[in-house]
Amino acid sequence: MAHKLRQLLWPLLGMLALSIALQAASLVAVVEIDARVNRNRQYAAAATNLFDIVGQFENATYLALVGLAASDWEMLLRQRAAAQALTERFTTLSGAMLRGDDQGTLWELPPEGIQEPEALGALTALMRSWDKANVAHVRVLRSENHSLKNNPELEEFRAASQSLSEAARDVSVLLQNHTQEELRLLGLIQRVIPVGAFLLTLLLFGFVIQRIFLPFVASTEELEQSETALRVARDELERRVAERTEELARANEALRHAHDGLELRVKERTQELKDTQRRAVELARQAGMAELATNVLHNVGNVLNSINTSATILGERLRALRLPPLLKLAGLLEEHRADLGTFVTGDERGRRLPEFLGKLGGNLATERDEMLAMTESLHRHVDHIRTIVELQQSYAVSSSLVEAVSLEELIEDALRINGAALGRHGVSLERHIAPLPRLMVDKHKLLQIILNLISNAKYALNGNPPGERRLTVKVDRPAEERVSVHVSDNGMGIAPELLTKIFQHGFTTRKEGHGFGLHSCAIAARSLEGSLVVHSEGPGKGATFTLELPFRPDTGTPGQVSA
């Protein structure tokens, strides 16, 4: 008997040891990959910081050139100091990424530096692009040509800055791709562990059947052949059954107490889940408000760029006013003040004074009208910024999640928020909105979805020639209990094989995209008990995104209020 027990024990111990080794190896792999993922994320964040530094450096150069053109030396010196500070930040951060942060800088990067050859090469190329952009920066500020138009040095700096931005974006994309690959490997290991445990379970089950169950069946057959042994075994079994019955009674009592305790823990866990759900709802609302604020700030930035351009052109027009001929005329009249009548009637130059004054007045009137038009444009841009901010405030003051919303007004708000960007890109708008009563819906999530769809449509139209960029917003009722919002464009379109991937997390066809917008919109649509789908005939044939929601008209009852 002892020999048989040893024969059963050793395989069981071997399988147990194999299971422990598998778990330990998977744990070590998970820890190592998690450390690599964290390291790549730190470098990806640093690469994003480099990209921000590049943008700030470009803005500082443009502002310094504006200050130089306007003889605003204080502004020039301030922007030059800012550019030098950005150069030091870029050099320190790129050096820490390249060689490792063993000095404990503010970025807290790993001390070993970037190890991947591809990312290392991209970072080296970025540093070379920075040197070229810095040289172009110095050259454009030292140039005698201070104009913002037809300036070869400025065009050279813009080309170098564009190359620098692309190099910074390449570094960030490579590091993010490495992070995604490490996460994919981590997920693969986490999927392999249950498979290995399942196979070990099958092996153990087969071992039990082969070594325990089948011998037990053979023993039962032998017992059936011996009646005497069966009676003895029956008496023994009755005694053991009585003992086991008593044990089961005690176990049942213990199980009853355990059941009562389990019910109490279930109630506690249910309350915890309710609290967690309430917090999740509040976080979802905050995330929607943050998305709205991001869109508002982006569009305000677009309008500010237009204001900056108009102000620069207005300054150039003021400096270009034809004042020297007027001053020359005043000097000529002052010279002939004593004989002004004789000069006007007898001198050839005096007789031409009315004609000259007429032409000069016409030129000055034209210049005045153009500058007044630019001033009106500045007023319109400022009014547009005030409108965008007022819209954002109107969507930020409400605390209810589900409330009565006018779908037409909400769509018009989304179009006004994106108005500057659409106008600058020359996008024509078409509206086909059926009259509907006010709907009960979470307006923050709905506005987030519509803003994202309009923004994506605007980018899809960039490849079309100006004058051929059309965006259409349509609202209809496909069924009695449903309402649909369609956002269509005649832009780049979507290939058939990408239609099933367009809403996946991280998937994007834009170089500067992150692949989160449409994914978050699809999730928000499902949370509204609706759906978000896309249709496209193929590349170059435009696309239509359709948001379908339940038709729940306002019945006058108060909306649901978040805790």
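Before we start, one term: contact here means heavy atoms within 4.5 Å. Please also keep in mind that this is a predicted model.

## The sheet

The place to begin is an open sheet of 5 strands, with mixed pairing and the order β2-β4-β5-β7-β6. At its edges stand β2 (428-433) and β6 (531-535); each has a single partner strand, so one side of each is left without a neighbour in the sheet. From one strand to the next, the twist averages 15°.

Look next at β5 (residues 482-489) and β7 (residues 543-550), which pair in the antiparallel sense over 8 bridges. To find your way along this pair, pick out Ser-488, which stands opposite Thr-544 in β7.

## Helices across the strands

Helix α10 (residues 407-417) lies across β2, β4 (470-479) and β5, and runs at about 170° to β2. Helix α12 (residues 443-460) lies across β4, β5, β6 and β7, running at about 25° to β5.

## Where the helices meet

How do α10 and α12 pack, and at what angle? Their axes are 10 Å apart and the angle is about 45°, and the two helices are therefore oblique to each other. The crossing in which α10 passes α12 is right-handed.

On the α10 side, the contact is made by Leu-407, Leu-410, Ile-411, Ala-414, Leu-415 and Ile-417. Helix α12 brings Lys-443, Leu-446, Leu-447, Ile-450, Leu-451 and Ile-454. Sorted by class, this contact of α10 with α12 has 11 nonpolar residues, 1 charged and no polar ones.

Conventions
Residues numbered from 1 in each chain as written. Predicted model: local features only at pLDDT ≥ 70, side-chain atom pairs only at ≥ 80, totals over all residues. Heavy atoms only, no water. Pairing = 2+ DSSP bridges. Helix = DSSP H or I, 4+ residues; strand = E, 2+ residues; numbered from the N terminus. Axes fitted to C-alpha atoms, helices over the stretch in contact; angles between N-to-C directions. Parallel < 35°, antiparallel > 145°, perpendicular 65-115°, else oblique. Left-handed = near helix turned anticlockwise from the far one by under 90°. Nonpolar A, V, L, I, M, F, W, Y, C, P; charged D, E, K, R; others polar.
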